[in-house]
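This report covers the salt bridges and helix packing of the structure below. It begins with a charged side chain and then turns to the helices.

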Amino acid sequence: MSDIYMPTDKQYDGQLIEEYSRLKRIKEAALKEDAIETVKLIDIEMGYIKLKLQPLELPEDK
């Protein structure tokens, strides 16, 4: 038997929410620097996280 760590659903959701929040902060900095391509990539990643977390609610983008 292997000792592979598998997070619970609640832990996994928490990790995804933390990642979403981190991306949101990075996006704000990228917008200030007019890094449009970076913002587009961040939006894509945030979209993937939203899909994984359905039906949970995430803090909305400003």
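In this predicted model, Arg-22 has a relative accessible area of 36% and is therefore partly exposed. The side chain of Arg-22 meets that of Glu-19 in a salt bridge, with 3.0 Å from N to O. Glu-19 is likewise partly exposed, at 31% relative accessible area.

Side chains of opposite charge can pair when their charged atoms come close. A search of the whole structure finds three salt bridges, listed here.

| Salt bridge | Closest N and O atoms |
|---|---|
| Asp-43 and Lys-27 | 2.7 Å |
| Lys-40 and Glu-37 | 3.5 Å |

Asp-43 pairs with Lys-27; because Asp-43 lies in helix 2 and Lys-27 in helix 1, the pair ties together parts that are 16 residues apart in sequence. Lys-27 is buried, with a relative accessible area of 15%, whereas Asp-43 is partly exposed at 34%. Lys-40 and Glu-37 are three residues apart in helix 2, about one helical turn. Of this pair, Lys-40 is partly exposed at 45% relative accessibility, and Glu-37 is exposed at 54%.

Helix 1 covers residues 9–32. Its 24 residues should span 34 Å at 1.5 Å a residue, and the end C-alpha atoms are 35 Å apart, which agrees. The buried residues of helix 1 are Leu-16, Tyr-20, Leu-23, Lys-24, Lys-27 and Ala-30, and their cover includes helix 2. Ile-26, also in helix 1, is partly exposed, with a relative accessible area of 43%. After helix 1 comes Asp-34, with a positive phi near 55 degrees.

Helix 2 spans residues 36–53. From first to last C-alpha, its 18 residues reach 26 Å, close to the 26 Å expected at 1.5 Å a residue. Which residues of helix 2 are buried? They are Val-39, Ile-42, Met-46, Ile-49 and Leu-53. Seen down the axis of helix 2, these buried residues fall within an arc of 80 degrees, so they line one face of the helix. The buried residues pack against helix 1. On the other side of helix 2, Glu-37, Leu-41, Leu-51 and Lys-52 are exposed.

A nonpolar surface patch of about 430 Å² is made by Leu-41, Ile-44, Tyr-48 and Leu-51. Within that patch, Tyr-48 is partly exposed, at 47% relative accessibility.

Technical notes. Residues numbered from 1 in each chain as written. Predicted model: local features only at pLDDT ≥ 70, side-chain atom pairs only at ≥ 80, totals over all residues. Heavy atoms only, no water. Patch = residues over 30% accessible without salt bridge, like charges linked within 9 Å, V, L, I, M, F, W, Y side chains within 5 Å. Areas by Shrake-Rupley, 256 points an atom, 1.4 Å probe, with all protein chains shown as cover. Salt bridge = Lys/Arg side-chain N within 4 Å of Asp/Glu carboxyl O. Helix = DSSP H or I, 4+ residues; strand = E, 2+ residues; numbered from the N terminus. Buried < 20%, exposed > 50% of the residue type's maximum accessible area, 1.4 Å probe, protein only. Expected span 1.5 Å × (residues − 1). Arc of directions from axis to C-beta. Contact = heavy atoms within 4.5 Å.
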